[in-house]
2 protein chains.
Amino acid sequence: MAKPKKPEIPETMGAVCAVAYLLALIVFIPFAFYKDIVAATSGGGNRDVVIEVQHIETGRFLHRFPHGKLASYLSGLLSLQCIVILGIGDDLLDIRWRHKVLIPAFAAIPMLVVYLVDFGVTHVVVPVPLQPYLGGFIDLGWLYYIYMAAIAIFCPNAINMLAGINGIEVAQSLVIAVLLLLNDALYLAPISPYPHPATDSHLFSIYFLLPFIGVSAALLWHNWYPSKVFVGDTYCYLAGMVFAVVGILGHFSKTLLLLFIPQIFNFVYSTPQLFHLIPCPRHRLPRFNASTGLIDASVTEWTHPPSPLIASSLELLHKLHLVRVQRNSIGQIIESTNLTILNLWLVWMGPMREDRLAWHMIGVQTMCGLLGLFARHRLALLVFNQDNRSFHSVV
Amino acid sequence: MAKPKKPEIPETMGAVCAVAYLLALIVFIPFAFYKDIVAATSGGGNRDVVIEVQHIETGRFLHRFPHGKLASYLSGLLSLQCIVILGIGDDLLDIRWRHKVLIPAFAAIPMLVVYLVDFGVTHVVVPVPLQPYLGGFIDLGWLYYIYMAAIAIFCPNAINMLAGINGIEVAQSLVIAVLLLLNDALYLAPISPYPHPATDSHLFSIYFLLPFIGVSAALLWHNWYPSKVFVGDTYCYLAGMVFAVVGILGHFSKTLLLLFIPQIFNFVYSTPQLFHLIPCPRHRLPRFNASTGLIDASVTEWTHPPSPLIASSLELLHKLHLVRVQRNSIGQIIESTNLTILNLWLVWMGPMREDRLAWHMIGVQTMCGLLGLFARHRLALLVFNQDNRSFHSVV
């Protein structure tokens with residue numbers, strides 16, 4: 001939208017990427033379970049594995065095909081397919097955002113249902129300071145399902161909300177995916193002791209993330225400023241759902257949220273407009289200035305002056321440099337910048353070119369994510385007994 | 001297309017049905033596995049089941065959650081979602097039929113992959129007359145996968161091909177689904193001895209068919225002559241894929257084909273036009289005669305007279321009442337009816353109203369299907385040792 005000329009641009013290229021991604025995941029199934037097929041069919045040539053199986057069968061354990069792992073992979077895939085179907089519907093039909101936010105909830109159903117049917121683990125580790133009161137573990141029961149559903153609703157909408165300039169949706173998703181991959185790599189040999197109880201969860205996560213990074217990189221190539229294609233809601237939903245799936249089924253949803261710091265900030269910062277305390281225009285993307293070729297923070301105009309409470313809140317935010325307001329000659333607020341992280345950044349840094357803002361956002365996302373991961377693996381020892389990277393843990 | 005007036009009609013109502021169907025299947029997962037959840041978690045109140053489990057655990061078997069069954073349910077669901085995604089894409093993009101026929105092949109991948117990973121049973125029972133040469137069972141290996149893929153490609157395209165008048169796609173699907181349900185019911189208590197080795201496969205099939213019958217009935221209500229909505233390719237593909245999924249994962253694909261007799265006839269009968277031995281117009285649906293309000297067989301026009309071989313073949317078919325040709329004054333063939341079962345029926349029965357033709361087709365489908373099922377359960381004893389309804393069997 002922020003271009004001097006306005007050519008027609010294909011809008012739902014995200015759907016094409018999504019289908020390619022799903023096909024890649026489906027075709028990968030036999031590779032993900034190759035080791036188990038060989039072991040379970042006891043043919044397959046790998047003598048070491050076969051001997052181990054025979055040995056195990058006579059012992060306490062029975063090596064068998066990990067149907068549970070397969071079911072969890074398939075349920076993740078089902079949720080992703082659901083979100084793609086609903087996302088395409090959304091791109092075509094232009095649903096109101098009030099109804100849109102619940103789309104990921106429908107898509108989360110297969111994952112949650114399979115979790116309920118197949119695993120049903122709803123215990124979480126209690127932080128050390130609370131352990132005297134609550135014990136080592138607490139069974140959240142159905143609250144845990146609410147929590148998972150909330151993650152699944154939040155992630156896609158958070159990605160979708162931090163949008164408005166070319167390439168930003170794909171770029172932020174790519175940063176988050178790469179950081180998640182980094183986190184997964186920490187659990188794999190030779191960095192971690194093998195076999196580690198969380199190795200499988202993180203391998204699972206890598207299976208989902210690698211092809212996602214592939215299609216996202218290809219999409220970013222065409223979607224980067226100046227965009228030749230747009231991604232549509234389908235991509236944003238898919239990206240968020242990929243993160244929700246690996247976070248939930250890989251049992252590291254808290255770590256996941258640490259990588260969403262800019263999105264969480266953007267959401268919290270937007271709430272006054274979402275709840276219409278401050279007028280909210282249809283689009284809040286930064287404003288393009290055709291004479292300079294730069295973009296600047298967009299504003300919402302106050303047709304009626306705000307109520308005293310809101311006026312003084314805006315005044316406070318203005319002093320904290322969290323919003324920029326303009327007053328008329330008699331001191332009434334006539335416009336304030338829209339409450340998105342992109343506009344805030346432009347308030348802080350001044351007008352800049354669209355691609356420069358996208359680069360800045362990539363930097364912010366990367367820094368916040370790295371800080372989050374550092375906190376996760378170093379500072380977590382303060383509230384939990386151990387970092388699960390080095391030793392057993394349940395959740 | 002065969003209406004005096006041509007109002008705008010929503011074309012992709014099949015996609016809406018498909019999404020409703022998928023949601024129903026997803027939400028049904030916990031109910032399908034309820035008994036197993038109760039047994040596996042050993043809580044759940046049903047004392048009989050719990051006692052039985054404890055008893056079994058001390059015996060030879062270990063009652064555990066049937067992950068394999070869940071994986072097979074999920075893989076069926078994945079294939080259906082795939083076909084819906086690709087079907088919607090097809091409805092939107094208008095792909096050439098040469099590429100369209102392969103769409104179900106992509107959608108079959110998840111099912112086949114999960115079959116490969118999780119079950120891998122590729123033995124089939126050999127008919128008695130061949131047993132001296134081949135033994136009791138034969139391992140088809142990868143040929144069995146080709147066979148399953150062929151079923152998955154054939155069923156959706158067969159449904160899609162028998163189209164052209166209001167309601168016919170939905171009506172034929174509904175008849176096939178109800179007949180399959182009837183066949184499933186034969187395997188359930190109290191008709192069959194319980195527990196029967198095939199009970200689970202047929203329960204699985206019922207889970208998929210009941211909601212399908214529900215959405216199809218709703219769709220038929222609006223799609224019946226005169227149509228208020230069209231179903232689009234999405235519905236035809238979905239219907240065919242539902243049948244392929246239950247046939248393949250329920251291990252009764254041969255029985256399934258017996259219910260597709262009119263479709264198989266339609267396909268074989270169409271081949272001369274599909275391979276362009278006879279000119280093939282874009283649409284071959286029956287021709288509407290606005291003056292009588294009836295429809296009659298549509299024709300393909302021979303701009304050049306046919307080659308002698310084709311001319312004599314057409315002459316033969318004409319004598320067999322399998323096609324109707326028209327000649328000009330010097331005896332050259334100038335037009336012949338299009339080779340579809342609908343046109344053939346009109347050649348036999350004469351022009352009729354569109355809904356009457358649809359009723360006739362429902363009758364044909366039902367009669368052929370009932371005959372097929374009768375052959376399956378009574379005459380199968382001639383080529384196999386036993387009907388698997390009454391006793392053990394492998395495939």
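Me: Which residue in β7(A) stands opposite E301(A)?

Reply: In general, strands (E, at least two residues) and helices (H or I, at least four) are DSSP runs, numbered from the N terminus, and two strands pair if DSSP finds at least two bridges between them. Here, E301(A) stands opposite E335(A). The strands concerned, β5(A) and β7 (residues 333-337) of chain A, pair in the antiparallel sense over 3 bridges.

Me: What conventions apply to this model?

Reply: This is a predicted model, in which local features need pLDDT of at least 70 and side-chain atom pairs count only at pLDDT 80 or more, while totals for chains, interfaces and linings use all residues. Residues are numbered from 1 along each chain as its sequence is written, chains are lettered from A and ligands numbered from 1 in the order in which they are written, and side-chain values use heavy atoms, with hydrogens and water left out.

Me: What is the strand order of the open sheet in chain A, and which strands are its edges?

Reply: The order of the 3 strands is β5-β7-β6, with antiparallel pairing. The edge strands of chain A are β5 (299-301) and β6 (325-327), each of which pairs on one side only. From one strand to the next, the twist averages 20°; axes are lines fitted to C-alpha atoms, for helices over the stretch in contact, and angles run from 0 to 180 degrees between N-to-C directions.

Me: How many residues lie between β6(B) and β7(B) in their hairpin?

Reply: There are 5 residues between them, and G331(B) in the turn has a positive phi of about 85°. β6 (residues 325-327) of chain B pairs with β7(B) in the antiparallel sense over 3 bridges, and R327(B) stands opposite I333(B).

Me: How many residues of β7 (residues 333-337) of chain B are buried?

Reply: Buried means under 20% relative accessible area, exposed over 50%, and partly exposed in between (1.4 Å probe, protein chains only). By that criterion, 4 of the 5 residues of β7(B) are buried, and the strand is mostly covered.

Me: What rotation superposes chain B on chain A?

Reply: Copies are superposed by least squares on the C-alpha atoms of residues with pLDDT of at least 70 in both. The rotation is 180°, with 0.1 Å of shift along its axis and an RMSD of 0.1 Å. The two copies are therefore related as by a two-fold rotation axis. The same surface serves both copies, since 97% of the contact residues of chain B (heavy atoms within 4.5 Å) recur in chain A.
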